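Keep the viewer handy and click on each residue as it comes up.

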Amino acid sequence: MLKISKYTFGVGDRFAHQAKAQLRACMQAAAEGADVVPVWNKSHREHMTVGSKPDAVRAAADAAVAELGWTQPHHVDADHINLSTVDGFIASSDFYTLDVADSIGKPAAAAEVKAFVDRFPQLVGTVNIPGIAAPFEVSREEVEAIAAKYLLAVQEAGEIYRHIELAKGADNFITEVSMDETDNPQTPPELLVILAAIADQKIPIQTIAPKFTGRFNKGVDYVGDVAQFEQEFSDDLAVIAYSIQKFGLPETLKLSVHSGSDKFSIYGPIRRCIQKFDAGLHIKTAGTNWLEEVIGLAEADGDGLDIAKEIYAAALANKEALCAPYATVIDIDPAQLPTAEEVNGWSSQQFVSALRHDQTNPGYNANLRQLIHVGYKIAAQLGERYLEMLEKYEPVVSKNVTENLYERHLKPLFLK
Ligand SMILES: [Zn+2]
């Protein structure tokens, strides 16, 4: 089996121009003593929005790796795919995120639920998990209720897994199961049942992305109870270590945090927890890199700043349509969005201050940042004009991409 490295970091590169800049951040981390393997992730939805093909992600990643002489692994993640979208990713990906969130809550057949719980009697009663203070006390009815909620979703993950296995061979890819894009978080006791069901489906899962407590809005910090998050994250790690032992899941299995990028206030807790359990971690970002492109263009001033302003004005004019697909993962207060006229009067520094994720800067505007985050379709519509700007201002754009990933993400998670 293709084994996932202990620490992996998902980087999205929507316009396929930043792979080298992203890889440089991993090289800096390696030079400082933290081996973090890059995973280029792009979802079917992102490909649709940008008008790109999965092969382009593989080509950009491989070219960057060859050019910079990166000798550690790298992967290309078919992010959030299902049975209807996976085929386009078979040739180019070696990492698959099986998204079965839509099937959570669709009730499984009663007989199958009963048979599953019969096969896993150890889920019922007092379950003592090393690393969790109080044992889980779970009745047979409760286990059946959890199984009824998740069994169909896990069966669907099994179907997608076997479809990929048939096309690629079991040894040639890494499997992740994601359940994050749903309304309710999964509790640690639920995670235990989900992992038993995944083992039952014989999916050699190496990362799992549950939905955690709190708001994970796109491109801005975590909103929620950080202490509660830390407790839940710690308990999830304990459940994973236990499940590897008890259900025979791959020893590389680890948590995947789909964060919507930039959840800086939980990086400390995540770091403490993975140290406590000596656990691995996959953390997935995407939009933070697109935002750094816009910041770089704004910092370049001149026609770079002009196109950044043009993107904001168009995003503002198309706010409803751009926000609709992301309704559950953004919180924009329209009253806090400056008008296009106002922004057109901004200096390079004012624009950069508003957009760059520096919460200590009084000019920072989380509402504007979220709007531009979901506004990448505007840049896709600008087409060649946008790409030419990225190329014209490559040094300042790539500097921002690298610095952001290294200073604000990799360092606090793996080095500080
Ligand atoms: Zn996700």
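What follows is a set of numbered points, going from the whole chain down to single residues.

1. First, a word of caution: what you are looking at is a predicted model. Keep that in mind as you read the rest.

2. Let's start with the overall shape. The C-alpha trace spans about 70 × 45 × 40 Å along its principal axes. For 416 residues, a compact globule would have a radius of gyration near 22 Å, and the protein has 21 Å, so the two agree. Buried residues make up 49% of the 416. In secondary structure, you can look for 17 helices and 10 strands.

3. Now the domains. Where they meet, 18 residues of domain 1 are in contact with 19 residues of domain 2. The side of domain 1 that touches domain 2 has four nonpolar, eight polar and six charged residues.

4. Which elements cover them? Just after α1 comes G33, with a positive phi of about 105 degrees.

5. Next, zoom in on strand β7, residues 174-178. Five of its five residues are buried, so the strand is largely enclosed by the rest of the structure. In a regular strand the side chains alternate between the two faces of the sheet. In β7, I174, E176 and S178 are on one side and T175 and V177 on the other, and both faces are covered.

6. Which strands pair with β7? One is β4 (residues 95-99), which pairs with β7 in the parallel sense over five bridges; here F95 has I174 as its bridge partner. Another is β8 (residues 205-209), also parallel to β7, over four bridges. In that pairing, S178 is the bridge partner of A209.

7. Two residues have backbone angles worth a click. Most residues other than glycine have a negative phi. K202 is not a glycine, yet its phi is positive, about 60 degrees. You'll find K202 in the loop between α6 (188-200) and β8. S261 is another non-glycine residue with a positive phi, near 70 degrees, and sits in the loop between β9 (254-258) and α8 (267-277).

8. Are K202 and S261 buried or exposed? K202 has 12 C-beta neighbours inside 10 Å, so K202 counts as exposed. S261 is buried, because 29 other C-beta atoms lie within 10 Å. For that call, the cut-offs are 20 or more for buried and 12 or fewer for exposed.

9. Last stop: the loop between β4 and α4 (110-119), where you'll find K106. G105 is in the loop between β4 and α4 as well. K106 has 13 other C-beta atoms within 10 Å, so K106 is partly exposed. G105, with 14 C-beta neighbours inside 10 Å, also counts as partly exposed. G105 and A153 are 48 residues apart in sequence and 8.2 Å apart in space, while K106 and H80, 26 residues apart along the chain, are separated by 19 Å.

Conventions
Residues numbered from 1 in each chain as written. Predicted model: local features only at pLDDT ≥ 70, side-chain atom pairs only at ≥ 80, totals over all residues. Contact = placed C-beta atoms within 7 Å. Nonpolar A, V, L, I, M, F, W, Y, C, P; charged D, E, K, R; others polar. Helix = DSSP H or I, 4+ residues; strand = E, 2+ residues; numbered from the N terminus. Rg over C-alpha atoms; globule rule 2.2 N^0.38 Å. Pairing = 2+ DSSP bridges.
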